[in-house]
Amino acid sequence: MQKGALTVTISAAEYEDLKARIAGYERLKTQLCEYETQLGKYETNIAELTAKVAWLMEQFRLAQHRRFGASSEKSDSTQMNFFNEPEVESDILVPEPELIEVEKHFRKRKNMVNGKLPEDLPVETVVHELPAEEQICPECDGALHIMGRETLRRELKLIPAKAVIIEHVRNTYACRHCERDECGVPIVKAAVANPVIKSSFASPEAVAHIAAQKFVMGVPLYRQEQEWNRYGINLTRQTMSNWLIKATFDWLEPIYDVFQEMLCMRKVLHADETSLQVLREPDKPPESKSYMWLYRTSGDTKYPIVLYEYQPNRKAEHPKRFLKDFTGYLHADGYDVYHDLSDAVKVVGCFAHARRKFDEAIKGMPKKDQAGSLAMIGKRFCDKLFSLERGFADLTAEKRLQKRQELSKPVFDEFYRWLNPLDPPPKTGLTAAVVYMRNQREYLERYLEDGRLEISNNRAERSIKPFVIGRKNWLFANTPRGAKASAILYSIIETAKENGCNPCEYLTYIFKNVPNWDIRHNPNYLELLMPWSASVSRRT
């Protein structure tokens, strides 16, 4: 035994008791470690559930705003001052404005009647006269005469559409001399223009009116059928649908093909797509999604073209095929298929989509947390870039490029210097906005390369809006052939509208002339059908 060691003698019972106590302590220690591990798991679960609740509350607030709030993404001008606003806005060369004192004055109330009556409408004059027995002077009983007229008001009278039957009668001519003196008598018949649809009572005006009602005004065929029935005309929706499809593929499709060739010759285009339901799509259930793709010219062209194309899916092969002859810049959103086109196509990103993500992140926050939030700062950066673009709207492409390099690029670079270090919580609206901005930087920055380019793809979104509004009325297409006909009709109509033509009159002009022109072999006729041609402008 070592020196100084203490020896304690215990009994066997005491030893067993001490041994049991030590074992109990070990078990308690093990249980304590298990409790600590379980507590850590609980804390992790609580953190995950808290984050999930925060995400769900954000989605709930965003859904409530979409349902009950305003859809506008307009910024509040009182919140435009973010941290670098003085540095960006200041210009020492701009003098201080002179202040003048304005005396109090009274403003004349504006006329509550909005709009202006067209000068070229026919005028019907209604003259209000005294009855003959009252045209007597109350003083001397002498006869009254008209000393003047007073124009009281002008009213706009709307005349509902009316149906008229056009009966085509052809004269047949023969020679009296030959009838009397010759064995053979020549018979000559007057020339008759070909109908828009053979063996049908459809007229160019009727087909154009039905198409304009559906594709311009958004009136489904079943509602048009009800209106025709109220006029006593039994015109079924099946008949109207057959007219539209037949006239589209016979007379409008060649014009659509020419538009596509001309579109791909431009150097700046816009693209977008939206869903469409087709009930009788082969090998697909009726509730599945098909897509309507949109391609259009940019603001740098004199004669705009807007084209729709129906496809059963959203695969990259469709824009590749449609734009196979195109080389240049393509404005698009962040959809990946546009980035997989040929090397000759440079995709330009959309700052409107980026700004929208910051806006949605703000709307998903509680009201008290919105002002001064990171999402608000990101949105203000986008607002500043859009504000600069509005100032460049009237400049030439060369001057606009110069101004962008001087003013827009420093704001853009500062935006990303602020954005890159951010580490927002996962699964939040701010995270989606930050990730989008980081992934799309190459494409968002591209609009700074050329003055012809635009900061957003809003031009395509505005062009696809008529289809989206119409879809809310007629809901779906019945067959792929009908969906393709709708794409062609929308293309012709929207291109006509972009070029200042009346769509109904333009379609009437086409349906009257194309059945009598050999447009597939005579390109001169096609030139006469373009909505910017002088012959079309005179009539539409």
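What share of the contacts in the chain with a separation of 6 or more comes from residues 24 or more positions apart? The legends below take up this point and then turn to particular regions.

**Figure 1. The whole chain in a predicted model.** Residues 24 or more positions apart account for 66% of the contacts that have a separation of 6 or more. The secondary structure comprises 18 helices together with seven strands, and of the 540 residues in the chain, 37% are buried. Mean pLDDT for the chain is 86, with 89% of the residues reaching 70 or more.

**Figure 2. Residues 78-88, a stretch where pLDDT stays under 50.** For these residues the model has 15 contacts beyond four places in sequence. Where pLDDT is low, the predicted coordinates should not be read in detail.

**Figure 3. Asp141 in the loop between helix H2 (85-89) and strand E1 (172-174).** The phi of Asp141 is near 65°, a positive value in a residue that is not glycine. Most residues other than glycine have a negative phi. With a relative accessible area of 62%, which is over the 50% cut-off, Asp141 counts as exposed.

**Figure 4. Asp283 in the loop between strand E3 (268-276) and strand E4 (290-297).** Although Asp283 is not a glycine, its phi is positive, at about 60°.

Key: Residues numbered from 1 in each chain as written. Predicted model: local features only at pLDDT ≥ 70, side-chain atom pairs only at ≥ 80, totals over all residues. Heavy atoms only, no water. pLDDT = per-residue confidence, 0-100. Contact = heavy atoms within 4.5 Å. Helix = DSSP H or I, 4+ residues; strand = E, 2+ residues; numbered from the N terminus. Buried < 20%, exposed > 50% of the residue type's maximum accessible area, 1.4 Å probe, protein only.
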